[in-house]
Amino acid sequence: MPHIHIKSICCIGAGYVGGPTMAMIALKCPHIKVTVVDLSQPRIDAWNSDNLPIYEPGLEEVVKQCRGKNLFFTTDVAGSIAASEMIFVSVNTPTKKTGLGKGKAADLTYWESAARTIAAVSKSNKIIVEKSTVPVRTAEAIEKVLKRNCSDPNVQFDILSNPEFLAEGTAMDDLSVPDRVLIGGKIEGEAGQNAVDALAEIYANWVPKDRILQANLWSAELSKLAANAFLAQRISSINAMSALCECTGADVAQVAFALGKDSRIGPKFLNASVGFGGSCFQKDILNLAYICECHGLKEVADYWYSVVGMNDYQKSRFVKRVVSAMFNTISGKKIAMLGFAFKKDTGDTRETPAIDVGRGLIEDGAKLAIFDPKVSDEQIALDMEGLTNNITTYKTAKEALEGAHAVCIMTEWDEFKLYDWKEIYDTMQKPAFVFDGRLILDHEHLREIGFIVYALGKPIDPFLRSAEGV
């Protein structure tokens with residue numbers, strides 16, 4: 001079978017993964033026509049405008065450079081699929097909300113719908129690339145859907161798994177200089193190997209060949225779930241240590257630094273915080289644990305569930321610390337939340353710790369004043385549905401902080417470190433509290449100004465100990 005040279009790509013799904021990934025391929029492969037399709041007209045309109053639907057450093061420049069040349073955004077799903085040789089599927093695979101596997105299993109509704117559409121309009125051979133995070137052996141199920149819904153029996157579908165390993169906020173750098181690109185396929189057969197080689201050839205335009213890894217389909221699908229589970233596990237591990245540090249007078253930052261100097265451990269993902277968030281970590285761990293349950297591996301499932309349990313504990317522990325420090329009553333008190341996104345350099349709020357912490361504070365009667373430089377008022381209202389009577393959003397941090405009893409640092413935006421905290425202190429109620437859930441501020445300087453400071457995982461301020469009766 002001759003080697004396949006791809007000239008046209010279609011990506012179904014114009015979200016956080018599909019948009020940036022296709023923009024990078026278009027930039028690095030000017031000889032390939034790249035079309036991104038989505039059923040949402042407003043989303044496609046945004047991609048074709050000067051106001052992109054997602055914020056990612058460096059993305060706007062790449063899109064503007066390639067758009068209209070070899071990068072296109074359209075709602076013509078059927079036409080774009082029919083005209084392309086390789087189809088990336090980058091649709092949402094959320095956790096199921098109802099039925100079997102509720103709250104654990106991945107919902108593949110959008111994936112199956114995409115597969116049925118591909119099958120219905122395909123008149124020539126297609127290479128289908130799983131870009132969404134999916135359960136192990138999804139490719140097997142999708143292949144059955146494709147074959148049974150294609151009217152032309154001569155059309156061949158080769159399915160590949162090409163999981164994304166992007167971190168929001170650094171996605172363009174991750175795409176430009178990846179640690180590795182993983183391609184899974186039916187490499188035991190000639191057709192499967194040729195399909196893998198075709199995708200590898202695309203990445204080889206800018207990725208060193210020793211970083212382009214090949215595996216069987218099932219290994220590639222599982223690798224994505226495993227990677228996110230391992231990263232989340234590290235965060236939960238250091239967060240567990242942060243609770244012990246507060247009880248013993250140890251400093252979690254010093255503990256993490258010492259751990260990171262061990263070459264077997266390394267320094268990454270050892271920053272204690274109010275908890276992890278984002279679209280992937282919790283969803284993928286729950287999915288992984290559910291798969292383990294389905295295979296009778298209860299102890300393995302329980303192990304992974306505990307990673308999510310520790311994350312929930314960290315958020316509730318933070319809320320309890322705020323309430324107890326403020327004399328066990330926050331009813332009617334204005335509490336400023338600086339940051340709402342799950343991490344800096346993104347406007348994404350999916351599974352952000354700010355949601356659960358905010359709900360916990362409101363349940364105790366607090367009035368929240370929220371400021372985030374990239375998250376819209378509409379998104380905050382959506383995430384905090386039913387609680388907006390207790391929330392005011394602000395366009396500046398200064399307004400959010402004025403007259404507040406306390407401030408909670410929920411996102412590690414760099415600008416928060418640059419504020420004039422003496423000026424802020426003068427506008428707040430006294431005693432003025434700072435609850436640093438991201439460990440980004442100069443805590444000694446804040447104390448010198450007059451703030452009562454709670455720094456997660458650090459020795460507890462004597463004022464806080466006395467307030468709690470410890």
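Trainee: Is Cys 10 buried or exposed?
Mentor: Cys 10 is buried, because its relative accessibility is 0%. Buried means under 20% relative accessible area, exposed over 50%, partly exposed in between (1.4 Å probe, protein chains only).

Trainee: What are these values based on?
Mentor: This is a predicted model: local features need pLDDT of at least 70, side-chain atom pairs count only at pLDDT 80 or more, and totals for chains, interfaces and linings use all residues. Residues are numbered from 1 along each chain as its sequence is written, and side-chain values use heavy atoms, leaving out hydrogens and water.

Trainee: New topic. Which residues touch the most other members of the largest nonpolar core?
Mentor: Met 86 and Phe 88, in a core of 42 residues. Such a core is a set of buried Ala, Val, Leu, Ile, Met, Phe, Trp, Tyr and Cys residues joined through side-chain atoms within 4.5 Å. Helix α8 (residues 190-203) gives the largest share, seven residues. Helices are DSSP runs (H or I, at least four residues), numbered from the N terminus.

Trainee: And what is in the second, separate core?
Mentor: That one has 41 residues, including Met 326 and Phe 433.

Trainee: What caps the N-terminal end of α9?
Mentor: Asn 216 does, with a side-chain oxygen 3.1 Å from the backbone nitrogen of Trp 218. Just after α9, Gly 249 has a positive phi of about 90°.

How values were computed: Polar contact = N/O pair within 3.5 Å; in protein donor to acceptor, adjacent residues only side chain to side chain. Helix = DSSP H or I, 4+ residues; strand = E, 2+ residues; numbered from the N terminus.
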